[in-house]
Amino acid sequence: MIDFLKETALMAGALVKAGRERLSADAIHAKGTPTDMVTDIDREVEKFIVTRVRERYPDHGFIGEEYGASAAEREYCWIIDPIDGTTSFIHDFPFYAVSIAIYRNGKPFAGAVFAPAMNEFFLAESGKGAFLNGRAIHVSGCAKLGESLLGTGFVCVRAGIKPDNFDYLPAIAYATQGFRRCGAASLGLCYVAAGRFEAYWELLLNIYDIAAGALIVQEAGGQVTDLRGGGAYPAKGILASNGLIHEPMLDFFREKK
Ligand code: IPD
Ligand code: CA
Ligand code: CA
């Protein structure tokens, strides 16, 4: 099943890449709000993944961003974000990825995140470690906020929730080497796993944004919680870190709530 996951993510990534080359204005649409974007390619790629998995594993369930859930209570459930980072994709900013997780009995079993424009393929299987393009990866050993580079995102702005990430950001930016906003939560998480970021946080995400990336962080030796240190992520926000700066990061969020 892991080989099949790998192949499926690679094929989906190739479709995303080819889709980027032929992307036209009439294939770009607004979803819930005028700045929440989707393209025909997002839909095509999710259909491709679901159809392929269904042919091979007819008794598996699905949760996908574009077409929702179907038989998600089955033993195996595929959690799919066909393009994480659609806004980046539309603007040809290369930080977008196909994110696919497999849950078994409600628990993460495997995860793949493939960024086709950068040819980076992240993979993890529960209990077996995390890999980037076939090489084992590990979270960073940096224990100091002042030496940390962080990743974040701003879906909270689109959702209009308060306090939003701009309320937390100044204190975090002053205390660290800064932050990057690459526009794909799945990749932000993978960058924690690869030791590029010491931590990634976001206030509000959906399971399909983080299911694969969170497992990849854990399998790389990192820690994933909600913004209060509990397990209710992503509903109560998500903080993924190398473990060493997890507590000091949580303090930034505790102070506001
Ligand atoms: C978005 C990306 C982005 C994050 C947003 C997500 P989408 O996913 O992960 O980084 O800030 O919260 O919604 O809509 O491009 O699949
Ligand atoms: Ca997403
Ligand atoms: Ca998406």
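Reader: Which backbone contact does A184 make with ligand 1?

Author: A polar contact is read as a pair of N or O atoms within 3.5 Å. In this predicted model, a backbone N or O atom of A184 lies 3.1 Å from an oxygen atom of ligand 1.

Reader: How much of the accessible area of ligand 1 does the protein cover?

Author: Of the 370 Å² of accessible area that ligand 1 has on its own, the protein covers 93%. The elements giving two or more residues to the shell are β5 (76-84) and α4 (155-159), and β5 provides the largest share, three residues.

Reader: How many residues surround the ligand, and of which classes are they?

Author: There are 17 residues around ligand 1, with D84, G85, T86, V155 and E202 the closest, and by class the shell holds six nonpolar, four polar and seven charged residues.

Reader: Which domains supply that shell?

Author: At least three residues come from each of domain 1 (2-136) and domain 2 (145-254). The centres of these two domains, taken over C-alpha atoms, are 21 Å apart, while 39 residues of domain 1 are in contact with 21 residues of domain 2.

Reader: What area is buried between domain 1 and domain 2?

Author: The buried area is about 2,100 Å², with carbon and sulfur atoms giving 65% of it. Within the part that domain 1 buries against domain 2, D84, F95 and F122 supply 23%, more than any other three residues.

Methods
Residues are numbered from 1 along each chain as its sequence is written. Chains are lettered from A and ligands numbered from 1 in the order in which they are written. This is a predicted model: local features need pLDDT of at least 70, side-chain atom pairs count only at pLDDT 80 or more; totals for chains, interfaces and linings use all residues. Side-chain values use heavy atoms; hydrogens and water are left out. A residue is near a molecule or strand if one of its heavy atoms lies within 4 Å of it. A polar contact is a pair of N or O atoms within 3.5 Å; within protein, one must be able to donate a hydrogen and the other to accept it, and residues adjacent in sequence count only if both atoms are side-chain atoms. Accessible areas come from the Shrake-Rupley method with a 1.4 Å probe; for residues, only the protein chains shown count as cover. Helices (H or I, at least four residues) and strands (E, at least two) are DSSP runs, numbered from the N terminus. Ala, Val, Leu, Ile, Met, Phe, Trp, Tyr, Cys and Pro count as nonpolar, Asp, Glu, Lys and Arg as charged, and the others, Gly among them, as polar. Domain bounds come from an automatic or database domain assignment. Contact means heavy atoms within 4.5 Å. Buried area is the accessible area (1.4 Å probe) that two parts lose on being put together, summed over both.
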